[in-house]
Amino acid sequence: MSGFLKGLKDKALNSVANNDAVAEAVRKMLASEHGKAGVEHIVQQCEKVGLGDKARCWTNGQPTEPLTVGEVQRLLTSDQAKFIASCTGLPLAPLLPVIAKTLPVAVERLAARARVEDAAAPAGGAAEA
């Protein structure tokens with residue numbers, strides 16, 4: 001029985017490590033000037049493949065709608081998929097369910113951060129007198 005439990009523990013720890021690695025790879029993929037351009041780019045990609053409604057939920061503060069594995073496959077370009085796989089050192093297929101959960105959350109967080117930064121910025125530089 002201890003071998004069985006050790007196997008479950010190892011599988012759980014590997015899963016957590018993979019989730020963290022995928023989350024970091026997605027953040028890197030979206031990284032740009034304060035994350036804003038990366039968010040806008042992925043939203044445009046979503047629009048092109050019919051996922052615009054989901055992407056708008058991620059960026060406007062509504063509850064985050066997750067992606068399916070099939071939607072991730074339609075959404076990511078070959079270069080993006082290869083980038084995420086290379087960042088994790090794992091083949092893409094087992095990462096797809098993790099990307100499906102991680103990408104919407106990453107976009108939501110970057111969009112929220114951008115909204116806060118935009119709200120904190122002085123309007124038109126008129127703050128100084």
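Student: Where does Pro-104 lie?
Tutor: Pro-104 lies in helix 6 of this predicted model. Helices (H or I, at least four residues) and strands (E, at least two) are DSSP runs, numbered from the N terminus.

Student: Is Pro-104 buried or exposed?
Tutor: Pro-104 counts as buried, at 0% relative accessibility. Buried means under 20% relative accessible area, exposed over 50%, and partly exposed in between, with a 1.4 Å probe and protein chains only.

Student: What does Pro-104 touch?
Tutor: Not counting residues up to four places away in sequence, Pro-104 touches Trp-58, Thr-64, Glu-65, Pro-66, Leu-67 and Ile-99. Contact means heavy atoms within 4.5 Å.

Student: And how far apart in space are Pro-104 and Lys-54?
Tutor: They are 8.6 Å apart, C-alpha to C-alpha, and 50 residues apart in sequence. Lys-54 is one of the buried residues of helix 3, along with Gly-52, Ala-55, Cys-57 and Trp-58. Just after helix 3, Gly-61 takes a positive phi of about 85 degrees.

Student: Before going on, what are the ground rules for numbering and for the model?
Tutor: Residues are numbered from 1 along each chain as its sequence is written, and side-chain values use heavy atoms, with hydrogens and water left out. As this is a predicted model, local features need pLDDT of at least 70 and side-chain atom pairs count only at pLDDT 80 or more, while totals for chains, interfaces and linings use all residues.

Student: What is the mean pLDDT of the protein?
Tutor: The mean is 78, and 76% of the residues reach 70 or more. pLDDT is the predictor's confidence in each residue, from 0 to 100.

Student: Which elements have the lowest and the highest mean pLDDT?
Tutor: Helix 1 has the lowest, 60, and helix 4 the highest, 96. Over residues 4-17 pLDDT stays under 50, and the model has 0 contacts beyond four places in sequence for them.

Student: How many helices and strands are there?
Tutor: The protein has 6 helices and 0 strands. Along the sequence the pattern reads α-α-α-α-α-α.

Student: What about the largest nonpolar core, how many residues has it?
Tutor: That core has 27 residues, and those with the most contacts inside it are Leu-30, Ile-42, Leu-67, Ile-99 and Leu-103. Helix 1 (2-30), helix 2 (36-48), helix 3 (52-59), helix 4 (69-75) and helix 6 (96-120) each supply at least two of its residues. The largest share, 9 residues, comes from helix 6. A nonpolar core is a set of buried Ala, Val, Leu, Ile, Met, Phe, Trp, Tyr and Cys residues joined through side-chain atoms within 4.5 Å.

Student: Which residues does Leu-103 touch?
Tutor: Setting aside residues up to four places away in sequence, Leu-103 touches Val-26, Met-29, Leu-30, Ile-42, Leu-67 and Leu-75.

Student: Switching to Val-72, where is it found?
Tutor: Val-72 is found in helix 4, and it is buried, with a relative accessible area of 1%. Beyond four places in sequence, Val-72 is in contact with Leu-67, Leu-96, Ile-99 and Ala-100. The C-alpha atoms of Val-72 and Leu-96 are separated by 6.9 Å, although the two are 24 residues apart along the chain.

Student: Which residues of helix 5 are buried?
Tutor: In helix 5 (residues 78-88), Gln-80, Ala-81, Ile-84, Ala-85 and Thr-88 are buried. Seen down the helix axis, the buried residues of helix 5 fall within an arc of 130 degrees, so they line one face of the helix. The arc is that of the directions from the helix axis to the C-beta atoms.

Student: And which residues are exposed on the other side of helix 5?
Tutor: Asp-79, Lys-82 and Ser-86 are exposed there. Just after helix 5, Gly-89 takes a positive phi of about 75 degrees.

Student: What does Gln-80 touch?
Tutor: Gln-80, buried at 10% relative accessibility, touches Met-29, His-41, Ile-42, Gln-45 and Leu-75, not counting residues up to four places away in sequence.

Student: Last topic, how many disulfides does the structure hold?
Tutor: The structure holds 0 disulfides, a disulfide being a pair of cysteine sulfur atoms within 2.5 Å. Cys-46 is buried, with a relative accessible area of 0%, whereas Cys-87 counts as partly exposed at 32% relative accessibility.
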